Amino acid sequence: QNHSILYHNIIIIMATTTIAPLVVRSADGSLVGIHHPLPFSDSKSSSSSSSAAGLIRCYDGSVSDGSLKFTLRVPAPSSDDDGAVGEGNGRLAKLVFATNGGGNSPGFLCGMRRSSSSIMVWDLDRGVLAATIDVRDIASSSNTKKKKRRSSVDGAGNEVLCDIATFGNQLYALVLFPDDDGDGGGGKCRLYQYELSAGGEATLARKIKVGSAVTGGSSPSFAVAIAKSSIVVRLGSLLRVHDSTTGEKLCKADLPNDTAAASSIDDDSADSMFAPLVVDGRYIATNGGNGAVLLLAHESNEDKHELRTLAVLSCDDDSSSPISDLDLHVDNDEAVALVAFRPSAGEASLFKVSTKSKKPSLVPRAPKSRMRIDENDPLLSFVGATFHPRRPRESLVLLFQKKKHAGGSAAGAGTILPMETISIDDDLTDGIVIVGKSLSSADKGKKDGKKK
């Protein structure tokens, strides 16, 4: 009955481009959106074309071998999109579905670019870009009303859109206002909440103060995640929890010093500003640095709130393969299952943690299973993982995309999204597990006589 439905599926998707695709699933699991960013060299020569930023393909996610339902065109960044015109900056950095009013059916798809202040909102009923929200317009109108005194927010006009998230038909935008001194030391942050209505109209509902980010000149990691009763915001190495109704700060926690730096994603696979962050009820997971994940619990007793670290989960010691996505499922408040995906390693790690211990060990824990595809198959590549929408306790859904030929691309292929459902208990043994065997061309070759 809360936002955790977004994290109820293990989805494993295969792609082919050097730049990892963006993959997003709707809250009810009915739609899967995939965007293959065009390499800069491909879009540079056609920067004036409306298709320069590529397409978003939306597949039926409710059945096996989901068919391509429709595509959405991503417009090329304009000169008004401050900072977005340049090598790699026009690529989409985040995609999230939102509902159209009540229920869980997706009605909108929201996206943001790298180095941009704008949010794009596509109306799924019409299949068009319905609105573009520029967060600078909100700050400018607020500052105009304060002509007689200094603005309460430094950095107005230089706002940085750090992350977006949705809950139902509500769209949240995390915005950084850099300090006026210009030394890159950080700035104040605000969370803008918009209400999305029919036709893609976005109305600003409120602005929430969520603290300041102190960067020390480095590039911090930002993130926002929404649950039914709480808003979780990450500002570099600081994690804050706010009440979703009042916006009041409930508690905060300092993350390890190396967390912000180590959570950056390689520029060819994701945006370095993002930090993976998920929330399911009172449980929160985020990057912990050096290939690790921090699992925390939001504890409350009357008016007292605190964040308690439950476990440190380590994918492996290869910090050069950062985590891009996390997925979380809580089983009756007694156990937590978590999946961490690393695109450059082509691997998803499954962890299971008991929540009963009051004094958990902070010694890094190894995953129960490490999922990857057959390295001898040149036609598949692993790009994502999440839990099954209806049976998160029992099953994982594996999604794949295939190249037409070795060295080709999946970006222009794939009118079908093949799926494979596996049992967590029966099919996922401890250690390394090879997935996607039913689609593997290498496996078919063995069956054709190469296997003894």
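**Note on the predicted model: strands, cores and selected side chains**

1. Aspartate 123 lies in strand 7, which covers residues 118-123. This is a predicted model, and the points below describe that model. With a relative accessibility of 4%, aspartate 123 counts as buried, because the cut-off for buried is under 20%. Its side chain makes a polar contact, at 3.0 Å, with the side chain of arginine 126. Leaving out residues up to four places away in sequence, aspartate 123 touches Gly107, Phe108, Val128, Ala130, Gly199 and Gly200.

2. Strand 11 (residues 186-197) pairs with strand 10 and with strand 12. Strand 10 (residues 170-178) runs antiparallel to strand 11 and is joined to it by nine bridges. On this side, glutamine 170 has glutamate 195 of strand 11 as its bridge partner. The pairing of strand 11 with strand 12 (residues 201-214) is also antiparallel and extends over eleven bridges; here glutamine 193 stands opposite arginine 206 of strand 12. Strand 11 is mostly covered, with nine of its twelve residues buried.

3. Which residues of the largest nonpolar core touch the most other members? They are Cys110, Ile119, Val135, Leu161, Ile164, Leu171 and Ala173, out of 21 residues in that core. At least two residues of this core come from each of strand 5 (92-99), strand 6 (106-113), strand 7, strand 8 (128-134), strand 9 (160-167), strand 10 and strand 11. Strand 10 gives the largest share, four residues. Another core lies apart from this one; it has 20 residues, among them Ala348, Phe382, Leu396 and Leu398. As background, nonpolar side chains tend to be buried together in soluble globular proteins.

4. Cysteines: the count of disulfides is zero. Cysteine 58 is buried, with a relative accessibility of 0%. Cysteine 110 has a relative accessible area of 0% and is buried as well; it is also among the members of the largest nonpolar core that touch the most others.

5. The count of aromatic pairs is one. The ring centres of phenylalanine 341 and phenylalanine 382 are 5.0 Å apart and the ring planes stand at 70°, so the pair is edge-to-face, the cut-off for that class being over 60 degrees. Why does the pair tie together parts that are 41 residues apart in sequence? Phenylalanine 341 is in strand 22 (residues 335-342), while phenylalanine 382 is in the loop between strand 24 (369-372) and strand 25 (395-399). Both phenylalanine 341 and phenylalanine 382 are buried.

6. Arginine 372 has its place in strand 24. Is arginine 372 buried or partly exposed? Arginine 372 is partly exposed, as its relative accessible area is 27%. The side chain of arginine 372 makes a polar contact with the side chain of glutamate 347 at 2.3 Å. Setting aside neighbours within four places in sequence, arginine 372 is in contact with Gly346, Glu347, Phe382, Ile432, Val433, Ile434 and Val435. Phe382 in this list is the phenylalanine of the edge-to-face pair. Valine 433 is 61 residues from arginine 372 along the chain, yet their C-alpha atoms are separated by 6.4 Å.

Definitions and conventions
Residues numbered from 1 in each chain as written. Predicted model: local features only at pLDDT ≥ 70, side-chain atom pairs only at ≥ 80, totals over all residues. Heavy atoms only, no water. Phe/Tyr/Trp six-rings, centres within 6.5 Å; stacked < 30°, edge-to-face > 60°. Buried < 20%, exposed > 50% of the residue type's maximum accessible area, 1.4 Å probe, protein only. Polar contact = N/O pair within 3.5 Å; in protein donor to acceptor, adjacent residues only side chain to side chain. Contact = heavy atoms within 4.5 Å. Pairing = 2+ DSSP bridges. Disulfide = S-S within 2.5 Å. Core = buried A, V, L, I, M, F, W, Y, C linked by side-chain atoms within 4.5 Å.
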